Amino acid sequence: MRSKSGQSRVTQLDGLRGIAALVVVACHVMSTLPGIGNAVNGDRAAELTAAESWAVFSPLHVLWNGTPAVHVFFVLSGFVLVLPFTRPGAAKSWAQYYAKRFFRLYLPAWASLAVAVALILMIPRTASPLQSPWADMYVIDPSVGQVLKDGLLMLSASTINTPLWSLKWEVAFSLLLPAYVFLALRWRRLWHVKIGAALLLSVVGGVQDVDWLTYLPIFAIGAVLGAERERISALTRSWPRFVWFFVAAAGLFLANAEWISREQPVPGVEAVVTVGALLIVLLFVSCGSAKKLGDTAVAQWLGRVSFSLYLVHLPIILAGVTLLRSVSLPLALAVSVAASFGIAELFFRYVEQPAHRLSTAAGRAVARRTRRDAPADTPHIPAARNIQATPPVREMADATSGYR
């Protein structure tokens, strides 16, 4: 697609991000249902109706499986944040980058935390047999300490607004971005080895139950994909349509690997999910049909508000269910989802967009001060060498979601 300036952008990745955000919303809606919520909460032997069994233990689960959606978000973050540094002549102050990143991530997260606390104070969450045990886990009376801890975005999130758990890894990745840029732009011919090594590290993290080793390598996969997108595009340009069909099928199957049977998934299965997420992102980067899907008006709108939707949807769903479940749980969920979309649009306009503007202003202020105070000593990101010029890609707010 073309922007008004005539420059190309990989807009289909915005659409993919929006679709993944929609899947996360569906995940939390389905998990609130008593039968399905039992299975999601760990009881895979729970009695389910035929329809519920199909929803949970068939390929249909990929339509509301939050785990691969989060992995897609992480791959996209790595892909998008590395892109500006792969263009010839790219050089930015790290201080400017960190200033911008802080406002883009923290201000919307803090605002969403305030929304969640306000909803809990107005509509206190309570356990009920009318909802699932999964939903009961989110009953909480928030304390000041919990709110302050959650606001750091560096520790495990409480159940006030649980999706903030994934921002812990977004913040860690953002802080470590110089290392990711270095690894993505060095040893270029070994790009496939780097992706394989990242997957291996993720396996080790999953088997050993080490979260940072499970999740941080996923960003590295995205970073390598972003740095090598021209090489990968050249390799896949001549692939016939049936090959992309198998890539799509494999991606969706592997992304749903933890739910292919009633048996508990094997340790390290999240690395298999990551492979599925990698194939899905590759599909939207290189396959024409997937690009068209990502560029549809609905996907683009979802992508535009996806970070806001991610941040506010779960507290709204839980409040709506608490308020209306005694009337009808399906009605409560329908009203909550509609409210989530509407509030996400408002949140985007009045919180996320101003945060973006403040981020840009902060970056410019830091750049001016850096040039004035220490022009000779400012650390810069090395420009990528021997890389063909590529179209700029709009930096995407990292819309990630929790599934815990």
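This is a predicted model: local features need pLDDT of at least 70, side-chain atom pairs count only at pLDDT 80 or more; totals for chains, interfaces and linings use all residues.
Residues are numbered from 1 along each chain as its sequence is written, and side-chain values use heavy atoms, with hydrogens and water left out.

The chain has 17 helices and zero strands; helices (H or I, at least four residues) and strands (E, at least two) are DSSP runs, numbered from the N terminus. Of its 404 residues, 53% count as buried. Buried means under 20% relative accessible area, exposed over 50%, and partly exposed in between (1.4 Å probe, protein chains only). Among contacts in the chain with a separation of 6 or more, 80% come from residues 24 or more positions apart, where contact means heavy atoms within 4.5 Å. The chain exposes about 18,000 Å², and carbon and sulfur atoms supply 66% of that area. Accessible areas come from the Shrake-Rupley method with a 1.4 Å probe; for residues, only the protein chains shown count as cover.

Helix 14 covers residues 269-286. Its 18 residues should span 26 Å at 1.5 Å a residue, and the end C-alpha atoms are 26 Å apart, which agrees. The expected span is 1.5 Å times one less than the number of residues. Because 15 of the 18 residues are buried, helix 14 is largely enclosed by the rest of the structure.

Ser336 sits in helix 17 (residues 329-373) and counts as buried because its relative accessibility is 1%. Its side chain reaches the backbone oxygen of Ala332 at 2.6 Å. Leaving out residues up to four places away in sequence, Ser336 touches Ile316, Ile317, Gly320 and Val321.

Ser132 is placed in the loop between helix 5 (94-122) and helix 6 (133-136). With 0% relative accessibility, Ser132 is also buried. Apart from neighbours within four places in sequence, Ser132 is in contact with Ser31, Thr32, Leu33, Pro34 and Gly37.

Leu152 belongs to helix 7 (residues 144-152) and is partly exposed, because its relative accessible area is 45%.

Conventions
A polar contact is a pair of N or O atoms within 3.5 Å; within protein, one must be able to donate a hydrogen and the other to accept it, and residues adjacent in sequence count only if both atoms are side-chain atoms.
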